[in-house]
Amino acid sequence: MPETTEYLSDFRPRFRQSSAADLCVEVPCLTASETNEKVMEVFARHRDLVSLPVVEGSQPIGLINRNIFLSQMSKPFRMEVYGRKSCIAFMDKEPLIVDAGLDIEALTFRTVEFGEKALSDGFIVTREGAFSGVGNGLQLMRVVADMQASRNRQIMHSIEYASVIQRSTLRSSLDALARACPDANLVWEPRDIVGGDFYQFSTDSDGWFATVADCTGHGVPGAFMTLIASASLNQAIEQNGARDPAKLLGHVNRSIKQMLGQVGGQDDTPGSDDGMDAACFWFEPGNGRLIFAGAQLSMFLLRSGDDAVDVLIGQRKGVGYVDSEFDFTWKNQEVSLPRGTLVFVSTDGLIDQIGGSRGIAFGKRRVRDLLLEHRENPPSKINSAMLDALRVWQGEHHRRDDLTFFCFRT
């Protein structure tokens, strides 16, 4: 576990919580008894001073903006009229005043609520009510941007490591598939580094089992659902074997509903409405027997010598969702496949992808056409052609979903 330990250490707190005190700069201040001539003198001496605080005793009472002050005082006879008058003549009497202990996030909200004046003039910082200095609005925005960039880097680091974990959990299935059907090919492309699609393969003495599934959500939420669904499926296979896909779907349905509180609580309100769509099958290479059960997903079959692609349509009932009854029973569909039959299953990330000049879905018809066009090619080349066609179809459109499809020849 050394790599994991090293990784987790990256997320230990490195800095104390930033506050207004970190932006506080000591600057000159005046009292209400001092004149505008004095203000002019201070601004001339401190050319980088944006605003000049005015205090009464130790309490701040206002802020004089440099640009506004100089603009007013540059008008004809203004110096003669206002030069010897109190500096409060051009003072903002309601500046933003914050305590030095106010954290940056709260300070940002206060600044935004206060308006543009706080960004341009800055704000006064106090300690226990007494004047301490001023903060610069632009500097606050820089600090916020830096903090956000740091958070984003940490989040991306975390997601990238989650991807490593997710791929590791799927690796044993790929090894099982390689043993069962070396020529089979799988495409798995999460939309957001980690995703809600998963696959599962396992072998037995006379056949092998496969699942391609699409869980609720994308990214991290979807990845969490794949862990729940995959663990439930593993448990179902351990208890029931892999020869009855419909029974496995029922087991996973009950497990997800119980785990996520979708059977209703004391007030009959479900905890969530999450689940998965799946295509599951058991295949016996020796006699070509295939048993399929689908929850919202289908299977494409192209038998050697046929001119049309058959579709085994999955039942229109997802696994684990609120509208899926706790004791719902999926049905198996059994077919006999001659040697050389092409089998293709996919999550809806392929079929529902928007593209083309009219912005419509890729659709099942294009999948059928591509299978017919490339029927003589090995599964790897068929999947490659499917992926190329999808990318051309998608064009400049946004990727809508995770992408998983699987192809093999009997």
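Predicted model: local features only at pLDDT ≥ 70, side-chain atom pairs only at ≥ 80, totals over all residues.
Biologist: Okay, what is the strand order in the open sheet of five strands?
Modeller: The order is β8-β9-β10-β11-β14, and the pairing is antiparallel. Strands here are DSSP runs of E with at least two residues, helices are runs of H or I with at least four, and both are numbered from the N terminus. Two strands pair if DSSP finds at least two bridges between them.

Biologist: Which strands stand at the edges?
Modeller: β8 (197–203) and β14 (333–336) do. Each has a single partner strand, so one side of each is left without a neighbour in the sheet. From one strand to the next, the twist averages 15°. Angles like that run from 0 to 180 degrees between N-to-C directions, with axes fitted as lines to C-alpha atoms, for helices over the stretch in contact.

Biologist: How many bridges join β8 to β9?
Modeller: Seven, and the two strands run antiparallel, with β9 covering residues 208–215. For example, Thr203 has Trp208 in β9 as its bridge partner.

Biologist: And which helices pack on the sheet?
Modeller: Helix α7 (residues 137–180) touches β8 and β9, and its direction makes about 40° with that of β8. Helix α9 (residues 245–259) touches β9, β10 (276–284) and β11 (289–295), at about 150° to the direction of β10. Touching, or contact, means heavy atoms within 4.5 Å.

Biologist: Is β10 mostly covered or mostly open?
Modeller: Mostly covered: nine of its nine residues are buried. Buried means under 20% relative accessible area, exposed means over 50%, and partly exposed is in between, using a 1.4 Å probe and protein chains only.

Biologist: Which residues sit on each side of β10?
Modeller: Met276, Ala278, Cys280, Trp282 and Glu284 are on one side, with Asp277, Ala279, Phe281 and Phe283 on the other. In a regular strand the side chains alternate between the two faces of the sheet.

Biologist: Switching to cores, how many residues are in the largest nonpolar one?
Modeller: It has 53 residues, and Trp208, Met276, Phe281, Phe406 and Phe408 have the most contacts inside it. β10 gives the most to this core, with seven residues. Such a core is a set of buried Ala, Val, Leu, Ile, Met, Phe, Trp, Tyr and Cys residues joined through side-chain atoms within 4.5 Å.

Biologist: What does Trp208 touch?
Modeller: Not counting residues up to four places away in sequence, its contacts include Leu177, Phe201, Phe281, Pro285, Phe406 and Phe408.

Biologist: New topic: where does Val50 lie?
Modeller: Val50 is in the loop between α2 (36–45) and β2 (51–56). Val50 is partly exposed, with a relative accessible area of 36%. The C-alpha atoms of Val50 and Asn136 are separated by 8.3 Å, though the two residues are 86 apart along the chain.

Biologist: Which residues lie nearest the centre of the second largest pocket?
Modeller: Val27, Asp48, Leu49, Val50 and Val134, out of 20 lining residues. A pocket is an open set of points on a 1 Å grid over the protein atoms alone, with protein on both sides within 12 Å along at least five of seven lines, and lining residues have an atom within 4 Å of a point. The largest share of this lining, three residues, comes from α6.

Biologist: Last one: which loop holds Glu128, and is Glu128 buried or exposed?
Modeller: Glu128 lies in the loop between β5 (123–127) and β6. Glu128 is exposed, with a relative accessible area of 82%. Its phi is near 55°, a positive value in a residue other than glycine.

Notes:
Residues numbered from 1 in each chain as written. Heavy atoms only, no water. 1 Å grid on protein atoms, 1.4 Å probe; cavity = no way out; pocket = protein on both sides within 12 Å on 5 of 7 lines; lining within 4 Å.
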